[in-house]
Amino acid sequence: MGEGDPAIDALQHDGATYSPPADVAAGAVVSDPAVWTRAADDRIGWWEEQARRLDWASPWARALDDDDPPFFRWFTGGTLNVAANCLDRHLAERGDRVAFHWEGEPGDRMDITYADLHGRVCRFANALRALGVERGGRVAIYMGMVPELPIAMLACARLGAAHTVVFGGFSAEALADRMNDFGATVLVTQDEGWRAGKRIPLKANADAALERAPGVAHSVVCRRTGGDVAWRDGRDLWFHEVEALAAEECPAEAMDAEQMLFALYTSGTTGKPKGIVHTSGGYLTGAASTHRMVFDLHDDDIYWCAADIGWITGHSYIVYGPLANGATSVMYEGGPGFPAQDRLWEIAERYRVSILYMAPTAIRTFMKWGDSLPAAHDLSSIRILGSVGEPINPEAWEWYRDHIGGGRAPVMDTWWQTETGSIMISPLPGLSTLKPGSASGPLPGISARVVGEDGREVPAGRGGYLVIDHPWPSMLRTILGDDQRYVDTYWSRFPGMYLAGDGCRVDSGGDYWLLGRIDDVMNVSGHRLSTIEIESALVDHPAVAEAAVVGRADPVTGEAIAAFVTLRDGVTGDEALIADLRDHVARQIGAIAKPASIVLTPDLPKTRSGKIMRRLLRDVSEHRQLGDVTTLANEEVVSAIADLATTNPHQED
Ligand code: PRX
């Protein structure tokens with residue numbers, strides 16, 4: 001492709017816009033419209049200003065060390081303790097303030113204050129120390145959403161040890177691989193977890209993993225369900241017992257700003273999982289400052305990020321960001337549909353939640369379940385909404401604002417990644433005019449561009465590769481144990497620029513529209529089409545709850561568009577509907593985008609973090625042997641879809 005050639009043809013049309021609500025704008029944390037230019041004029045000064053909101057044990061000598069790119073270092077020479085920033089510094093003024101309104105799936109509840117959390121973290125840190133965990137130590141954590149999970153993370157931080165949290169839905173094998181790669185010496189787990197009324201055998205999985213992870217000497221087990229578990233004396237210890245025996249006095253270690261706080265493994269579509277390394281000073285600066293600004297955090301807010309701590313969203317926006325800001329959060333253990341499909345709205349109503357952050361997949365599920373569920377609850381406390389993890393289609397965006405946000409609350413569509421550590425592209429509630437489906441623009445201090453195949457910026461309205469062209473404090477530092485893979489994956493395609501791997505276009509108003517992973521782009525008759533835009537058009541149809549689109553090899557057009565569609569509850573699908581869906585896409589974005597085939601399916605294959613696995617749908621469409629399905633949350637659905645695709649392909653005329 002030549003100069004200025006778009007990497008992707010963007011088809012989406014712009015629609016409605018929403019100005020900041022007057023009451024939000026009036027008292028907003030960030031209210032100066034010059035904030036973006038001020039930060040851009042002195043990017044490093046901007047980040048130093050954010051870092052100064054933390055408590056440092058000793059000041060940094062240099063804000064950004066860029067001597068050896070892409071191995072950037074931030075706030076070098078400075079020391080701090082992350083746990084002290086999240087807990088100790090709040091004690092004098094807000095020790096009695098609730099840090100977490102914790103709610104268990106069976107309905108048990110606990111309010112945990114900052115003072116409570118501090119005491120428990122100190123004790124558990126001492127307990128870990130007694131098991132040989134010191135500065136620079138390595139601890140693996142495999143738990144459900146119980147209070148002991150953030151306690152274990154913060155205890156590591158207090159000691160200056162690094163943690164890796166492995167999501168409780170992963171298998172024994174995945175846990176063993178991660179513990180071995182990380183070099184963990186201690187595992188923190190629990191007997192069983194609750195999920196949708198079922199018991200998840202966490203310790204049994206952990207025991208199987210430990211057979212393959214000889215470097216892990218101890219397993220500390222939190223008692224949650226009280227279910228029977230196997231026990232190995234000498235290796236296994238009860239969380240509550242070691243906590244009770246430990247002293248409450250535990251000084252926080254002053255750590256180098258660049259000390260690893262944690263590694264979190266991301267599974268790409270191919271290759272072994274990558275241990276994404278995050279540091280102490282830069283990471284906390286990014287997580288805390290973005291949490292405060294993007295969610296317009298005020299003292300009386302009740303904040304709820306309905307994600308799992310096992311993902312980066314939970315690390316940055318359940319644990320580190322909110323606690324560093326002294327916020328009061330809701331933390332919920334279980335599934336959204338248990339015991340009934342209005343569980344989340346019942347919780348939001350009870351705690352008078354004012355800020356709610358969740359994934360588009362969840363939002364589309366709630367749309368599918370129907371409007372009457374949220375309507376039965378008083379959600380009038382909700383002030384700000386957030387979305388993360390996937391592009392949010394305008395239909396879901398509008399539904400979220402109307403049915404959860406009372407037709408008032410602005411939706412912050414936040415784009416970021418495990419690798420970026422904190423939110424990169426997002427509106428600010430008091431300042432941004434919102435366009436449903438667009439993530440607005442880079443936050444103050446962040447510089448993002450859209451470039452074509454040749455690395456040059458593409459003109460407004462054209463699609464291309466999203467890159468970040470200046471380092472930022474919460475960026476990943478490397479892939480654990482594999483510096484070369486870090487360079488190859490993120491920094492080699494366009495020298496000097498971080499390659500996010502997502503497609504994007506910037507419209508003439510300067511707003512960013514994310515177009516999905518570059519790997520998912522289709523080439524239809526020489527047009528490069530983003531799956532996201534076609535999915536968005538399908539979901540815009542009143543009968544459709546969710547849609548996934550992939551390119552399937554086609555002798556005539558190169559690739560043909562294969563769509564997989566889940567209908568809303570109560571809608572029955574027939575040939576007439578399929579024809580209508582195809583016409584709807586043609587009307588919305590043009591005949592070129594009309595799906596060649598549409599398969600109606602009860603569900604779509606999703607990763608455990610809720611992302612649609614388009615790779616598997618490509619395999620199904622091309623009648624290939626299925627690739628790796630280990631990260632799939634709902635394995636059974638793939639074979640069901642494969643059957644549907646062969647028996648009932650709804651081929652184009
Ligand atoms: O493709 C983008 C998508 O999720 C990817 C990052 O996934 P992960 O590392 O699991 O982190 C998810 C939580 C931060 C991105 O490369 N993504 C995330 N947020 C958005 C998004 N795509 C579009 N719009 C978003 N708001």
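Reader: Into which domains is the protein divided?
Author: This is a predicted model, in which local features need pLDDT of at least 70 and side-chain atom pairs count only at pLDDT 80 or more, whereas totals for chains, interfaces and linings use all residues. Residues are numbered from 1 along each chain as its sequence is written, and side-chain values use heavy atoms, with hydrogens and water left out. The domain bounds come from an automatic or database domain assignment. That assignment divides the protein into domain 1 (114–253) and domain 2 (525–647).

Reader: How many residues surround the ligand?
Author: The closest are Asp413, Thr414, Thr418, Asp502 and Arg517. By class, the shell has six nonpolar residues (Ala, Val, Leu, Ile, Met, Phe, Trp, Tyr, Cys and Pro count as such), five polar ones (the others, Gly among them) and five charged ones (Asp, Glu, Lys and Arg). The number of residues that surround the ligand is 16.

Reader: Which helix and which strand each supply at least two residues of the shell around the ligand?
Author: Helices (H or I, at least four residues) and strands (E, at least two) are DSSP runs numbered from the N terminus. The two elements that each supply at least two shell residues are helix H11 (312–324) and strand S24 (512–517).

Reader: At what distance does a nitrogen atom of the ligand lie from an N or O atom in the side chain of aspartate 413?
Author: A polar contact is a pair of N or O atoms within 3.5 Å; within protein, one must be able to donate a hydrogen and the other to accept it, and residues adjacent in sequence count only if both atoms are side-chain atoms. Backbone atoms take part too: a polar one of glutamate 390 is 3.4 Å from a ligand nitrogen, and a backbone N or O atom of threonine 414 lies 2.8 Å from a nitrogen of the ligand. For the side chain of aspartate 413, the distance is 2.7 Å.

Reader: What percentage of the ligand's accessible area does the protein cover?
Author: Accessible areas come from the Shrake-Rupley method with a 1.4 Å probe; for residues, only the protein chains shown count as cover. On its own, the ligand has 550 Å² of accessible area. Of this, the protein covers 88%.

Reader: Why is H11 largely enclosed by the rest of the structure?
Author: Buried means under 20% relative accessible area, exposed over 50%, and partly exposed in between (1.4 Å probe, protein chains only). Beyond H11 comes glycine 326, with a positive phi near 65°. H11 is largely enclosed because its buried residues number 13 of 13.

Reader: Which residue caps the N-terminal end of H17?
Author: Helix H17 spans residues 531–539, and nine of its nine residues are buried. At its N-terminal end, a side-chain oxygen of the capping residue lies 3.1 Å from the backbone nitrogen of isoleucine 532. The cap is serine 530.

Reader: Is threonine 361 buried or exposed?
Author: Threonine 361 lies in helix H13 (residues 360–369). Leaving out residues up to four places away in sequence, threonine 361 touches (heavy atoms within 4.5 Å) Glu390, Glu546, Lys606 and Gly610. Because its relative accessibility is 7%, threonine 361 counts as buried.

Reader: What distance separates the C-alpha atoms of glycine 275 and leucine 480?
Author: Glycine 275 is part of strand S15 (residues 274–279), and at 1% relative accessibility it is buried. Beyond four places in sequence, the contacts of glycine 275 include Thr478, Ile479 and Leu480. Although glycine 275 and leucine 480 are 205 residues apart along the chain, their C-alpha atoms are separated by 5.0 Å.

Reader: What is the phi of aspartate 296?
Author: Most residues other than glycine have a negative phi, and most peptide bonds are trans. Aspartate 296 lies in the loop between helix H10 (281–294) and strand S16 (302–305), and at 1% relative accessibility it is buried. Aspartate 296 is not a glycine, yet its phi is positive, at about 50°.

Terms used: A residue is near a molecule or strand if one of its heavy atoms lies within 4 Å of it.
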